[in-house]
Amino acid sequence: MLYETHPEMIRPGAVLSCAPEGDIEVKIGTLLGIVVFSLVAVAHLLRLLMGWQVTIDGWVAPMWSSVIGVLLPGTIAYLLWKESP
């Protein structure tokens with residue numbers, strides 16, 4: 001079994017190694033955060049570029065909210081990426 005040969009993969013704070021030598025190591029939570037925040041930023045960017053309208057119970061979300069939706073999660077994803085070794 002995988003967890004028997006690699007017990008570090010099942011404990012909290014486990015590290016995902018992208019290289020056989022272990023040169024590039026990223027915590028799984030950090031990687032998940034980078035992916036999620038990047039997807040949110042890309043979704044808002046697509047909304048801005050494609051002009052998609054978001055309506056919630058008859059209220060139309062203003063387009064400027066997607067500017068914040070690009071900048072804030074995009075910055076967080078970038079900072080998480082720069083923080084990782």
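Mentor: Helices (H or I, at least four residues) and strands (E, at least two) are DSSP runs, numbered from the N terminus. By that count, the protein has 3 helices and 4 strands. This is a predicted model in which local features need pLDDT of at least 70 and side-chain atom pairs count only at pLDDT 80 or more, while totals for chains, interfaces and linings use all residues. Residues are numbered from 1 along each chain as its sequence is written, and side-chain values use heavy atoms, with hydrogens and water left out.

Trainee: What pattern does the protein follow along the sequence?

Mentor: Reading along the sequence gives α-β-β-α-β-β-α. Helix 2 covers residues 28-50, and helix 3 covers residues 64-83.

Trainee: At what angle do helix 2 and helix 3 pack?

Mentor: Such angles run from 0 to 180 degrees between N-to-C directions, with axes as lines fitted to C-alpha atoms, for helices over the stretch in contact. Here the angle is about 155°, and the axes of helix 2 and helix 3 lie 8 Å apart. Helix 2 is therefore roughly antiparallel to helix 3 (under 35 degrees counts as roughly parallel, over 145 as roughly antiparallel, 65 to 115 as roughly perpendicular and the rest as oblique). Their crossing is left-handed, meaning that the near helix is turned anticlockwise from the far one by less than a right angle; clockwise would be right-handed.

Trainee: Which residues make the contact between the two helices?

Mentor: Contact means heavy atoms within 4.5 Å. On the helix 2 side, the residues include Thr30, Phe37, His44 and Arg47. On the helix 3 side, Ser65, Pro73, Leu80, Trp81 and Glu83 are among them. Leu31 of helix 2 and Trp81 are 50 residues apart in sequence, yet 8.0 Å apart in space. Thr75 of helix 3 and Phe37 are 38 residues apart in sequence and 8.7 Å apart in space. Val42, in helix 2, is 31 residues from Pro73 in sequence and 9.3 Å from it in space. Across the protein, 40% of contacts between residues at least 6 apart in sequence join residues at least 24 apart.

Trainee: Is Thr30 buried or exposed?

Mentor: Buried means under 20% relative accessible area, exposed over 50%, and partly exposed in between (1.4 Å probe, protein chains only). Thr30 counts as buried because its relative accessibility is 15%. Setting aside neighbours within four places in sequence, Thr30 contacts Leu80, Glu83 and Ser84. For comparison, Leu31 is partly exposed at 34%, and so are Thr75 at 40% and Val42 at 45%. Of the 85 residues in the protein, 16% are buried.

Trainee: Which side chain of opposite charge is nearest to Arg47?

Mentor: For charges, Lys and Arg count as positive and Asp and Glu as negative, with His and the chain ends not counted. A salt bridge is a side-chain nitrogen of Lys or Arg within 4 Å of a carboxyl oxygen of Asp or Glu. Arg47 is buried but has no salt bridge, and the nearest side chain of opposite charge is Asp57, 16 Å away. Leaving out residues up to four places away in sequence, Arg47 touches Trp52, Gln53, Val54, Ala61, Pro62, Met63, Ser65 and Ser66.

Trainee: Where is Asp57 placed?

Mentor: Asp57 sits in the loop between strand 3 (55-56) and strand 4 (59-60). Asp57 is exposed, with a relative accessible area of 82%. Its phi is near 55°, a positive value in a residue other than glycine.
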